[in-house]
Each structure stands twice: as structure tokens, then as C-alpha cells.
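This report describes one protein model.

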Amino acid sequence: MTGDLDAPAVAGLGDRGGVIEDGAFVSGDVIVQRGGRVEAGARVTGPVLVCEGAVVSAGAYVRDHVVIGPGTQVGFGAEITRSLLGAHVFAKHACFIGDSVVGSRVNFGAFSSTTGLITSGGPVTEPAVKEITVTLDSRTYGTGQTKFGAVIGDGVTLSAGTILCPGTLIGPRTVIYPRTQLGGFMPAGSRVR
């Protein structure tokens, strides 16, 4: 994804027929495809791809290698960084999505967040140095990444106040109830309280 955003012409990302409204704060290479819109008052720092029919609303902050999928809505107070959002994702309230891959038709409730940096080992350093791991079937796998939020399947609902620990993997159609902090792996169709 980063390679394609860094060389959009080579990746065939030439459609720039969308709208960047006067009053939007845009810098770097920001591609807004036909039917996409960046509203006045939004801040977008490229490289970023806003796909067909997607809207980045006033007060949203999108930065540093992001793909906003078709029909996705990013609302006031939402911050998206280094992430891929599928089609028809709703991040319409204040939330944070970082270092993550998000499937289609995922709903981010108000004040929900992916967390991509391990903070349990003492003071936080930037750049991060500790590798994020994921656990599946009682086995731990290195990701090769020092920042890794979550992989979220299609049709997941993250209710208000959901906090995802680094390296969280969520299967499709999972519902996470309000004010939940979780990590690890949730199989498809899970209900988490």
C-alpha cells in the first residue's frame, strides 16, 4: 500500500476527479477520486487516497499513507493514520484508527481506538523499538512491525469507548459492546462484553 501511494501513477491511481472544498487543509499528495470529497475544515496530509464516494468531513484528520475506501465516511474528530479502510466504513465520531487494516462495513463508535504501540515496557520512545506480536491458536507470531493496531474483519461493530490493544485480530461480524478494552483474537461472529 505504501509503495502504491508513494508512486500513484505507476499504481494506476490517476483518477483525481473528486472535490477538495475551499477551506480544507491539504498537503502532500492527496488523491480524491470521482465522487469523493474532502470538506472544508478537514486536515489531510498525504500520501492519502480518498476513493469514490468517500467523505472526509470537517474536523477530521487523515495523515501518512491512508486509503479511505469507497463510500467510507470519516467524521468530525476522527483521526486516521497509516491504515487501510475498506468500503462503507463509518468512523463518523471522534475516534482513532492507526496502523490498521479495516474491512468493509465496519462501524467505529465514538471514542473507539486502535492502539498500535506497546506501552507496558516503561517509557514510550519514538520511533518505537519493540516488535508487536499476535497470538493465534496459542502460538505467538512476530509481525515485523513496531506499530501495529488491528486487523478488523467485515461487518464488525466497535461500540462507543472500545479500545483495541496492539496486534488485535477481529473476525467478521463481531460485535464489541461499549467501554470494552480487548486484545488477542476474536473469531467470526463473536460477542464481546
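## Charge and basis

The protein carries 15 positive and 15 negative side chains, and the centres of the two sets are 10 Å apart. Lys and Arg count as positive and Asp and Glu as negative, with His and the chain ends not counted; each charge is placed at NZ of Lys, CZ of Arg, CG of Asp or CD of Glu.

This is a predicted model, in which local features need pLDDT of at least 70 and side-chain atom pairs count only at pLDDT 80 or more, while totals for chains, interfaces and linings use all residues. Residues are numbered from 1 along each chain as its sequence is written, and side-chain values use heavy atoms, without hydrogens and water.

## Overall form

The protein contains 1 helix and 27 strands (DSSP runs numbered from the N terminus: H or I of at least four residues for helices, E of at least two for strands). Its C-alpha trace spans about 50 × 30 × 30 Å along the principal axes. The radius of gyration is 16 Å, which agrees with the value near 16 Å for a compact globule of 193 residues (taken over C-alpha atoms; the globule rule is 2.2 Å times the number of residues to the power 0.38).

Of the 193 residues, 43% count as buried (buried is under 20% relative accessible area, exposed over 50%, partly exposed in between, with a 1.4 Å probe and protein chains only). Among contacts with a separation of 6 or more, 18% join residues 24 or more positions apart (contact: heavy atoms within 4.5 Å).

Histidine 65 lies in the loop between strand S8 (61–63) and S9, and counts as buried because its relative accessibility is 14%. Its side chain makes a polar contact of 2.8 Å with the side chain of aspartate 6 (N or O atoms within 3.5 Å, within protein one able to donate a hydrogen and the other to accept it; residues adjacent in sequence count only if both atoms are side-chain atoms).

Beyond four places in sequence, histidine 65 touches residues including Met1, Arg82 and Pro47.

## Proline 70 and histidine 88

Proline 70 is in the loop between strands S9 (66–68) and S10 (73–74). With 37% relative accessibility, proline 70 is partly exposed. Among its contacts beyond four places in sequence are Cys51 and His88.

Histidine 88, in the loop between strands S12 (84–85) and S13 (90–91), has a positive phi near 55°.
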